[in-house]
Each structure stands twice: as C-alpha cells, then as structure tokens.
Amino acid sequence: MYLARFTETGHKHSKLHVIDLRQRKTYATRPINVCVQRDFNKVVSPDLAEDALEAALSKVESVIRPALDEVSRTRRTGRTRAWVTVVNLMALVGTRNPSTRARAEQFYTEAMLKKYESETDTPEKFAALMAEAKAAGNVRKDIEADFEKHRVFLASRRFTMSFTPGFHVPGEFQGVDRMIRRLMERRWMLLEAEEDTCGFVTTDRPLTLFKSDGSQIKPGENLGLATPGTSVLFPLSPKLVALGTHNMNEGVTGLSRALVAKTNLTLIRYCESLVLSPHERFEVAVPGREEPVIGSDVLDIIGGRVE
C-alpha cells in the first residue's frame, strides 16, 4: 500500500527498484516482496484466527490509501483528518517493522537471562525454581537438577531464545500510541520535488529522525522524537516528503535538484539496508563532491556501510 506509491507506475502490481546496501546488490521486485517477514502478524490464541491481526490491518490500509491521496492532492497537514491518518501510518511503520522487533527481541532476551541468573544464583534458589517447574508440569519429575551445569550453561550463552510474534504486539501498539502523540507535537512542512529533479527515494526505515543542524549522530548517542534540535523526514511519494520540526511554519515548499539530492542522502544515511525508488535515476548528494551520485552508484559511497 505505502510502497506501491514508489513503484514505476504507482500501483502495487508494478515494480520497485531496490538497492540493498548491506548485500551490495540491486534488483527490481513488487512491493509485496519487500520489507516483509513471514508470520510477522501471526496470532496464537484459542479465541482468534492466526490471521486475525492481518485481517484487521488490511482494513486500516483501506483508510490510509485515500488519506495519502488527499494529502498529496491538497498539500495540507495540520489537524485535518487525512493528515492525522498519515501520522498514524508513520507511527505504524516506525514502530512495527522487522528491524525494530529484532532489537526488541534482543532486549527482552537479555532481560530474561538476567532475571534467570538472579533467580538461580544459589543452589537453594535453583532447587526451589526446579521444584516449582516440576509441580507445574513444565519439567519431568525424574530429571535431576545440576546447579553447576546450569550455571555453566547460562554463562556460555550457547543457546538462543525466541518469542512468538504475538508476544511483541501489545508493546508495539503501545509504542504506536506514544509515537502518534510525539509526531502530532511537531509542525509539518511538505517538501515538493521540483519538475527538473529525479525525485525522492524511500527506504526500509522511512520515518527518519535526524539532527536539524545536519550533524551526524555519534556512536552511543540516543535521539528520540522528544529530543530538541531534531527533525523527522517521511517520504509520501517520489514527489513529496513530509518534514516535521518543533518550530518551522507549516506549508509547502519546493526543493531544487540539489536539495532533493541532499534529502535523499539523509534518508539513505539512516536506513537499515534497502533504498527503494521507481527508477534508477535518483540523485544523492555526497559531501565533498560537486555532482550527485546517481542510482546504484550509491553503492560505491555507502554500500556495505549503513550508519
């Protein structure tokens, strides 16, 4: 639905041009094959069908599509119904995506391991926990608990933990609600690519948070939507990008070829891996170069290195 706007014809059955910065390759494919993860919305519940969440989200798509069309046509943001719907889309894609879930899973894994270590750091605690697990039927009663082997196993980290998709869903939607509030606190300017430009790209991380002064985020530096001196970019189409700040006037402004190329650099710099566009002629500004790089030539500049 969203990515269809960046295909060759603007329809979901058309193709996107994809540049994979990590794999250092390019290819063309339909939107349905990009930025997806099998069973991402799968529900495991005795009361609901496995595709219940997927079916509910498909209804959301039918609302978002006309909202994107209306914003593109009217060029209005503010508190209009269409713009609030688009902000909901931003929050959904900014919160519910495979890379964000992977980071959450890593956090939950470390938290669970620390909890297990704390709850079994003495033979007495370990024995009590095993007795409780056997009483609940989670461990066979004939298994003998070995505290020392348990501690070595935990310390080795030679195992993995995984969580069902449904485990993440409540926290993700709570995050969506928080993000909507933060995004609505910003003032939104629509940036329109002028006719002589090759347009904007989008990425597998389209909601792009960056420092307003153009400086790069330092290692270990954490930015959030409430951080002063930050801006947000969100591509709406190859011709239109939304810019959210805390102090800029709302409205529409045209961007020259050079500024479109600079905007594309910001979008690409903070993506996960994939750059998506309707063609291979988009331009990217590169510091220190007079002329922008074009299309897949970006691999020579950023390929294999995603900041």
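Is histidine 11 buried or exposed? I looked this up before anything else, bearing in mind that the model is predicted. Histidine 11 has a relative accessibility of 53%, so it counts as exposed, the cut-off being over 50%. I found histidine 11 in the segment before strand 1.

**Entry: the largest pocket**

I went for the open spaces next. The largest pocket comes out at a volume of about 1600 Å³. I get 47 residues lining the largest pocket, and the closest to its centre are Leu3, Val34, Cys35, Val36 and Glu61. Helix 1 (52-74), helix 2 (81-95) and helix 3 (98-119) are the elements that give two or more residues to this lining. Which element gives the largest share of the lining of the largest pocket? Helix 1 does, with 8 residues. Sorted by class, the lining of the largest pocket has 20 nonpolar, 16 charged and 11 polar residues.

**Entry: the second largest pocket**

I noted about 1000 Å³ of space in the second largest pocket. Its lining has 35 residues, and nearest the centre I see Gly94, Thr100, Arg103, Arg205 and Leu223. At least two lining residues each come from helix 2, helix 3, helix 6 (165-184) and strand 5 (208-211). Helix 3 provides the largest share here, 6 residues. The classes in the lining of the second largest pocket are 13 nonpolar, 13 polar and 9 charged.

**Entry: helix 3**

Helix 3 turned up in the linings of the largest pocket and of the second largest pocket, and I gave it its own entry. I checked its length first. Helix 3 has 22 residues, and at 1.5 Å a residue it should span 32 Å; the C-alpha atoms at its ends are 31 Å apart, which agrees.

Which residues of helix 3 are buried? I list Ser99, Arg101, Thr109 and Leu113. They sit on the same side of helix 3, because they cover an arc of only 150° around the axis. A reminder to myself: an α-helix has 3.6 residues a turn, so residues three or four places apart point the same way. On the face of helix 3 turned away from the buried side, I find the exposed residues Phe107 and Lys114. Helix 5 (147-156) and helix 6 are among what covers the buried residues of helix 3.

**Entry: glutamate 172**

I followed helix 6 to glutamate 172, which lies in that helix. Glutamate 172 counts as buried because its relative accessibility is 7%, and the cut-off is under 20%. What does glutamate 172 contact, leaving aside its neighbours within four places in sequence? My list is Phe40, Thr95, Arg96 and Arg101. Arg101 is also one of the buried residues of helix 3.

Most residues other than glycine have a negative phi. Cysteine 35 has a positive phi, near 60°, and is not a glycine. With 35% relative accessibility, cysteine 35 counts as partly exposed. Cys35 was also among the residues closest to the centre of the largest pocket.

Aspartate 39 lies in the loop between strand 2 and helix 1 as well. Its phi is positive too, about 65°, although aspartate 39 is not a glycine. I have aspartate 39 down as partly exposed, at a relative accessible area of 39%.

**Entry: the cavity**

Rolling a probe the size of a water molecule over the atoms shows where empty space is left. How many cavities of 30 Å³ or more does a search of the whole structure find? It finds 1. About 30 Å³ of space lies in this largest cavity. Its lining is His17, Val18, Ile19, Val275, Ser277, His279, Glu280 and Phe282. Strand 1 (16-20) and strand 9 (274-277) are the elements that give two or more residues to that lining. Strand 1 gives the most, with 3 residues. By class, I have 4 nonpolar, 3 polar and 1 charged around the largest cavity.

Methods
Residues are numbered from 1 along each chain as its sequence is written. This is a predicted model: local features need pLDDT of at least 70, side-chain atom pairs count only at pLDDT 80 or more; totals for chains, interfaces and linings use all residues. Side-chain values use heavy atoms; hydrogens and water are left out. On a 1 Å grid over the protein atoms alone, a cavity is a set of points where a 1.4 Å probe fits but cannot get out, and a pocket is an open set with protein on both sides within 12 Å along at least five of seven lines; lining residues have an atom within 4 Å of a point. Grid points are joined across faces, edges and corners, and a volume is the space filled by probe spheres set on the points. Helices (H or I, at least four residues) and strands (E, at least two) are DSSP runs, numbered from the N terminus. Ala, Val, Leu, Ile, Met, Phe, Trp, Tyr, Cys and Pro count as nonpolar, Asp, Glu, Lys and Arg as charged, and the others, Gly among them, as polar. The expected span of a helix is 1.5 Å times one less than its number of residues. Buried means under 20% relative accessible area, exposed over 50%, partly exposed in between (1.4 Å probe, protein chains only). The arc is that of the directions from the helix axis to the C-beta atoms. Contact means heavy atoms within 4.5 Å.
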